[in-house]
Amino acid sequence: MRAIPNLWHLLNLASSPFFQDRLTPVGDPAHPIELFVGRGAEAELLLRTIGSSDGSRQAIPGAVGRGKTTLAQYVKSELGQARYLAANDPVSVGSADTAAELLVRILSAAYQTVLTHGDSTTGGLEPMKVARQLLRAFQTQGGSISLGLSGIGSIGAGISRAFVTSPAALSALAPELLREIGLVAQDHIGAKGLIIHLNNLENLSEANADRAARVMRDLRDTALLVPGIHYLLVGADEAVRSVVQSQPQLRSVFRVLPPLAPLSNSDLLELLQRRYEHLRLAPERPVHPPATEEAVLDVYSLFRGDLRGTFGALEQAAVRLIGVAGELPTDPMDRDPVRSVLHGVYADEIDSALGQVDVEFLQRLAQTFAGQAFTQAEVEAQTQVPLTTISDAFGRLVPQGFILVLGKRAATGPGRRPVEYSLSGAVHLAFAERAHP
Ligand SMILES: Nc1ncnc2c1ncn2[C@@H]1O[C@H](COP(=O)(O)OP(=O)(O)OP(=O)(O)O)[C@@H](O)[C@H]1O
Ligand SMILES: [Mg+2]
């Protein structure tokens, strides 16, 4: 039989330490929350707000891959140890959502969370029965809700005889039902509160910012203000800004954290140390680190705080370099070989993903702005390309992740604040040699 080499085993690692999955509070031994590092101040603020009220709404904005989701996962883990109930997996704010669909997902998360933390009698309680019937009736199918008209019961205390026949009726019933599920958590299970983690707001707002705003506004009246329930809303800066902060009705009920800063270099190195330890194969032997600290930090600086992108790049480099690039097969990857291998990887990726015109446009941006932020007007001024052409190109390159939206530039006077962009780490790597000969 042919033996397929496992490069991680060579380094005494069970598997890749550059995995890009979020960490999970319980039940995911491959990605345990114990690998979490840093973010003490942010976590403290989030926890304190939850601990100090009977229901809260907090938004965690941040650039792509910074660790937003994992921060929320960590906060849930801490809360879990203090008798708050939270589901391991977040509720994904998917792209095709209507307010009713999202509401059903929230109800479902609340129901499941309470059910799994309860005992054998929990599922038989009246609000739980009603929720179960309701969830069975509203089955999400391909982005739309199909409604079953039969078999819907009535809710115990609050809304007896309320029958659900439409999304509108669902909206009317939801606040009371959620409140009663929250009460089951408190009175029956002895929990201090229920946490709902809504993830990836950007998926909702990218398609259509107005619709996203409307969906969240509807949610305010049906779910967000229910006592006993604490919401963590995670999303890209722009999404949080355009959906939450730009609407007075939502701004007044949400506490929005400052955009998540990049994890510090020393926290990143600590993060990797923890992963190496966690994945150590033979306990009596040390792990051979796959990359030098210099190589790790160099890639990280190109990805400007994007941990997911950084790990993805290091993994690509490792597959190509480990075992072959150093004096010894177990030598760590150095900065220069990593750069040159990634240069090839991302140049190929860009060539196959984009047409020639876009490739040349990106290359020009890389040469002109290197690591700096830029606005579309600055691109026009520097390249003499017409603004409509630039805006078309951005319309293609932003969704594909080659150009990143940084947010609005700080105000320098009256008038509109232009949006700032930067190139992705992949683009930096693809054109780095050409940009800095
Ligand atoms: N504080 C941290 N400690 C340890 N690992 C972290 C931390 N923050 C992020 N990570 C790791 O970095 C990677 C990216 O994190 P995460 O998925 O949470 O980022 P994100 O901002 O939600 O990304 P996206 O924008 O793609 O949704 C994951 O592999 C995660 O495990
Ligand atoms: Mg995320």
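Is Lys76 buried or exposed? In this predicted model, Lys76 counts as buried because its relative accessibility is 3%, and buried means under 20% relative accessible area. Lys76 belongs to helix 3, which spans residues 68-80. Leaving aside neighbours within four places in sequence, Lys76 is in contact with Ala86, Ala87, Asn88, Asp89, Pro90, Ile195, His197 and Leu232. Thr389 is 313 residues from Lys76 in sequence, and the C-alpha atoms of the two are 45 Å apart.

**Domains**

The domain assignment gives domain 1 (7-17 + 263-349), domain 2 (39-256) and domain 3 (354-435). Taken over C-alpha atoms, the centres of domain 1 and domain 3 are separated by 29 Å. In the contact of this pair, ten residues come from domain 1 and 15 residues from domain 3.

**Nonpolar cores**

The largest nonpolar core has 60 residues, and the members that touch the most others are Leu342, Tyr346, Ile350, Leu362 and Leu365. At least three residues of this core come from each of domain 1 (7-17 + 263-349) and domain 3 (354-435). Apart from this core lies another, of 54 residues, including Met128, Ala174, Leu201 and Leu233.

Which residues does Leu362 touch, not counting those up to four places away in sequence? The partners of Leu362 are Ile350, Leu354, Leu397, Phe402, Ile403, Leu423, Val427 and Phe431.

Ser424 sits in the loop between strand 10 (419-423) and helix 18 (425-435). With a relative accessibility of 6%, Ser424 counts as buried.

**Helices 13 and 14**

Two packed helices are described by the angle between their axes and the distance between the axes. For helix 13 (residues 307-321) and helix 14 (residues 335-353), the angle is about 105° and the axes are 9 Å apart. Helix 13 is therefore roughly perpendicular to helix 14. Helix 13 contributes Gly312, Ala313, Gln316, Ala317, Arg320 and Leu321 to the contact, and helix 14 contributes Pro337, Val338, Val341, Leu342, Val345 and Tyr346. By class, these are nine nonpolar, two polar and one charged residues. Leu342 and Tyr346, on the helix 14 side, are also among the residues that touch the most other members of the largest core.

Within helix 13, Gln316 touches Leu342, Val345 and Tyr346, not counting residues up to four places away in sequence. Gln316 is partly exposed, at a relative accessible area of 27%. From Gln316 to Asp306 there are ten residues in sequence and 16 Å in space, C-alpha to C-alpha.

Pro286 is placed in the loop between helix 11 (265-278) and helix 12 (293-302). Pro286 is exposed, with a relative accessible area of 54%. Not counting residues up to four places away in sequence, Pro286 touches Leu11, Asn12 and Arg280. Pro286 is also ten residues from Tyr276 in sequence, with 9.4 Å between their C-alpha atoms. In helix 12, the buried residues are Ala295, Val296, Asp298, Val299, Tyr300 and Leu302. Arg304 follows helix 12 and has a positive phi, near 45°.

Most residues other than glycine have a negative phi, and most peptide bonds are trans. Asn200 is not a glycine, yet its phi is positive, about 60°. Gln384, also a residue other than glycine, has a positive phi near 65°. The loop of Asn200 runs between strand 6 (193-199) and helix 7 (201-207). That of Gln384 lies between helix 16 (376-383) and helix 17 (387-397).

The table lists the accessibility of these two residues.

| Residue | Relative accessible area | Class |
|---|---|---|
| Asn200 | 24% | partly exposed |
| Gln384 | 64% | exposed |

How values were computed
Residues are numbered from 1 along each chain as its sequence is written. Chains are lettered from A and ligands numbered from 1 in the order in which they are written. This is a predicted model: local features need pLDDT of at least 70, side-chain atom pairs count only at pLDDT 80 or more; totals for chains, interfaces and linings use all residues. Side-chain values use heavy atoms; hydrogens and water are left out. A nonpolar core is a set of buried Ala, Val, Leu, Ile, Met, Phe, Trp, Tyr and Cys residues joined through side-chain atoms within 4.5 Å. Buried means under 20% relative accessible area, exposed over 50%, partly exposed in between (1.4 Å probe, protein chains only). Domain bounds come from an automatic or database domain assignment. Contact means heavy atoms within 4.5 Å. Axes are lines fitted to C-alpha atoms, for helices over the stretch in contact, and angles run from 0 to 180 degrees between N-to-C directions. Helices (H or I, at least four residues) and strands (E, at least two) are DSSP runs, numbered from the N terminus. Angles under 35 degrees count as roughly parallel, over 145 as roughly antiparallel, 65 to 115 as roughly perpendicular and the rest as oblique. Ala, Val, Leu, Ile, Met, Phe, Trp, Tyr, Cys and Pro count as nonpolar, Asp, Glu, Lys and Arg as charged, and the others, Gly among them, as polar.
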